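Dear colleague,

Please read them with the structure open beside you.

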Amino acid sequence: MNFKRTLLIAALPLAFLAQAAHALDIKIADIHPKGYPTVVAEESMGKTLEAESKGELKFRYFPGGVLGSEKEVIEQMQAGAIQMSRVSLGIVGPVVPDVNVFNMPFIFRDQAHMRAVIDGEVGDAILDRITNSEFGLVALAWMDGGTRNLYTKKPVRKLEDMKGMKIRVQGNPMFIETINAMGGNGIAMDTGEIFSALQTGVIDGAENNPPTMLEHNHYQNAKFYSLTGHLILPEPIVMSKITWNKLTPEQQDMVKKAAKAAQAEERVLWDKKSTASEEKLKAAGVEFITVDKKPFYDATAPIRAKYGAPYADLIKRIEAVQ
Ligand code: BDP
């Protein structure tokens, strides 16, 4: 036996060992910056899973949209290049039409109603529809995305004030139609493009919750916040199916439980962040405008009729949740 061969044989068991200990690298992406409720909850989920899996799952965090827009992140997850994310349901709608039931304007009475729905069997059913679709993602739990209101350069005090206003929405045709039904002009663009679009006047406004309006600096160029409450969008925590299929059943179970725990943690963080954001926005000179929601609700009835038609039963179940 020559020296080289001896070395090779001696190294073999080591190579096997190294392979067994090879951790599964999980990159988790979020459009929101570090410190944002969703990102904080993702970090503790990752820590829990690293500990529980004894290092077999290894998390790397990519907040602040550094891996691309939500649409791009979804495509990367479908290809298995990004393993996990939390995305808005708005962006899932065009690919898994069933979830658009939750994306319809005024489908939830208020945030408490939305929470009761996502915590119950309808919430699980929508997660399953994402998982069981051809979408290539496994939907594990929900995060809270608050209530979306309009923010604009010129005040919207009543429905008529929206006439002709160019309002940014997420890339979902239903949202464009929703703004159009209100008399405005819905324009789809990625989250990262809103700031400069507001600054340069490409758009007259956008719509989102107070934490996003604050943390993405949109308030700097849109000082009026009209409390329309037209959308209350929950946000699924999703994993690439390619990654999911690499996990052992025990690891899959761990991931599911940790995602549910992240749902609970984020909710508490969300409430604190929302209150603090409202205060900061007001201190920065943003005028909060209470509007009569009825005209906005009535104007968007055709959207609910059009998109809700195939889901009459599901809508009844949503409405029945107290
Ligand atoms: C925020 C969501 C984020 C969306 C963003 C948007 O948390 O996931 O990307 O809205 O409208 O509320 O683009």
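In helix α6 (residues 111-119), the buried residues are Gln111, His113, Met114, Arg115, Val117 and Ile118, where buried means under 20% relative accessible area, exposed over 50% and partly exposed in between, with a 1.4 Å probe and protein chains only. Helices (H or I, at least four residues) and strands (E, at least two) are DSSP runs, numbered from the N terminus. Please keep in mind that this is a predicted model, in which local features need pLDDT of at least 70 and side-chain atom pairs count only at pLDDT 80 or more, whereas totals for chains, interfaces and linings use all residues. Residues are numbered from 1 along each chain as its sequence is written, and side-chain values use heavy atoms, with hydrogens and water left out.

The buried residues of α6 pack against α5, α7 (121-131), β4 (137-143), α12 and α15 (312-320), a contact being heavy atoms within 4.5 Å. The N-terminal end of α6 is capped by Asp110, a side-chain oxygen of which lies 3.3 Å from the backbone nitrogen of Ala112. In the loop between α5 and α6 you will find Phe106, which counts as buried at 14% relative accessibility and has a positive phi near 60° although it is a residue other than glycine.

**Helix α8**

For helix α8 (residues 173-181), the buried residues are Met174, Phe175, Thr178 and Ile179. Seen down the helix axis, these buried residues fall within an arc of 135°, so they line one face of α8; the arc is that of the directions from the helix axis to the C-beta atoms. Their cover includes α4 (89-92), α5 (100-103), β6 (166-169), β7 (185-188), β9 (224-231) and α14 (301-308). After α8 comes Gly183, with a positive phi near 100°.

**The ligand**

Around the ligand there are 13 residues, of which His32, Glu70, Thr191, Asn208 and Glu235 come nearest, a residue being near when one of its heavy atoms lies within 4 Å. Oxygen atoms of the ligand lie 2.7 Å from a polar side-chain atom of Thr191, 2.8 Å from one of Arg148, and 3.4 Å from an N or O atom in the side chain of Thr212. Taken alone the ligand exposes 320 Å², and the protein buries 99% of that.

Within helix α12 sits Gln251, which is buried with a relative accessible area of 8% and touches Glu56, Leu57 and Lys246, if residues up to four places away in sequence are not counted. Thr248, by contrast, belongs to the loop between α11 (241-244) and α12 (249-283) and is partly exposed, at a relative accessible area of 33%. From C-alpha to C-alpha, Thr248 and Phe195 are 43 Å apart in space, and they are 53 residues apart in sequence.

In the loop between α10 (210-215) and β9 lies Asn217, partly exposed at 31% relative accessibility, and its phi is positive, about 65°, although Asn217 is not a glycine.

**Confidence**

The chain averages a pLDDT of 94, and 93% of the residues score at least 70, pLDDT being the predictor's confidence in each residue, from 0 to 100. Over residues 15-20, however, the pLDDT is below 50, and this stretch has zero contacts in the model beyond near neighbours in sequence.

With kind regards

Key
Polar contact = N/O pair within 3.5 Å; in protein donor to acceptor, adjacent residues only side chain to side chain. Areas by Shrake-Rupley, 256 points an atom, 1.4 Å probe, with all protein chains shown as cover.
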